[in-house]
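Here are a few notes from going through the model.

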Amino acid sequence: MTLPTPELHTARLRLRPFTDADAAPLYALHSSAHVLRYWDSPPWTEPARARRFIATCRTIEEEGTGARVAVDRVRDGAFIGWCGLTNWNPDFRSASLGYVFDAAAWGCGYATETAHAVLRWAFDTLSLNRVQAETDTRNVASARVLEKLGFAREGTLREDCVVNGDVSDSWVFGLLRREWHPTATPTIGR
């Protein structure tokens with residue numbers, strides 16, 4: 001079952017399927033040690049990784065296991081990051097949320113705004129009952145984004161990742177359909 005990647009819009013952002021033209025800015029994003037300091041894999045060191053990531057986006061869509069969208073800022077068309085749902089399980093009506101944004105876009109509310117649009121799609125179109133997200137316990141900004149969206153911190157995965165050589169813990173967050181408030185505008189910014 002194919003899960004078509006949506007094209008979504010907010011007041012400031014355009015969320016769209018990845019294209020081959022996104023390889024260079026995607027590589028720039030994922031090759032930044034600063035951006036990925038809490039990510040569960042090291043920064044990319046070869047541009048081919050971006051092309052493989054885009055191919056994987058198409059594969060998970062075709063397999064019906066997820067969808068990822070590139071995020072462009074409307075005012076200048078700049079690629080600023082991505083957001084996606086993976087591990088989509090139609091039987092359990094659940095999926096996992098993930099996102100990465102360029103450091104220059106941090107603190108502007110773009111992650112919150114993007115995830116809100118993706119969650120609206122997830123609950124309204126995919127009829128999900130649960131969306132889960134995980135973040136490194138040191139990534140307080142990402143935890144704050146999830147809390148603004150209504151996610152509840154459900155627990156800690158102890159020493160589940162090695163990030164830059166350091167063993168780290170992750171927080172697990174969950175958002176249930178009955179807790180989702182689609183009309184509520186999330187607090188944007190810090």
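1. In this predicted model, the largest cavity has a lining made up of Pro6, Leu8, Ala67, Arg68, Val69, Cys83, Gly84, Leu85, Val118 and Trp121. Its volume is about 40 Å³, and the count of cavities of 30 Å³ or more comes to one.

2. Who supplies that lining? At least two residues each come from β3 (67–73), β4 (79–89) and α3 (110–124).

3. On to the rings: the whole structure holds seven aromatic pairs. Take Trp39 and Trp82, with ring centres 6.2 Å apart and planes at 85°, so this pair is edge-to-face. Trp39 belongs to the loop between α1 (23–30) and α2 (48–63), while Trp82 is in strand β4, so the pair ties together parts 43 residues apart in sequence. The burial is worth a look too: Trp82 is buried at 4% relative accessibility, whereas Trp39 is partly exposed, its relative accessible area being 26%.

4. Another pair is Trp44 with Phe53: the centres are 5.9 Å apart and the planes sit at 55°, so I'd call this one tilted. Trp44 is buried, at 6% relative accessibility, and Phe53 is buried as well, at 11%.

5. Both of these pairs belong to one aromatic cluster, formed by Phe18, Trp39, Trp44, Phe53, Phe79 and Trp82.

Technical notes:
Residues are numbered from 1 along each chain as its sequence is written. This is a predicted model: local features need pLDDT of at least 70, side-chain atom pairs count only at pLDDT 80 or more; totals for chains, interfaces and linings use all residues. Side-chain values use heavy atoms; hydrogens and water are left out. On a 1 Å grid over the protein atoms alone, a cavity is a set of points where a 1.4 Å probe fits but cannot get out, and a pocket is an open set with protein on both sides within 12 Å along at least five of seven lines; lining residues have an atom within 4 Å of a point. Grid points are joined across faces, edges and corners, and a volume is the space filled by probe spheres set on the points. Helices (H or I, at least four residues) and strands (E, at least two) are DSSP runs, numbered from the N terminus. Rings of Phe, Tyr and Trp (its six-membered ring) pair if their centres lie within 6.5 Å; planes under 30 degrees apart count as stacked, over 60 as edge-to-face and the rest as tilted. Buried means under 20% relative accessible area, exposed over 50%, partly exposed in between (1.4 Å probe, protein chains only).
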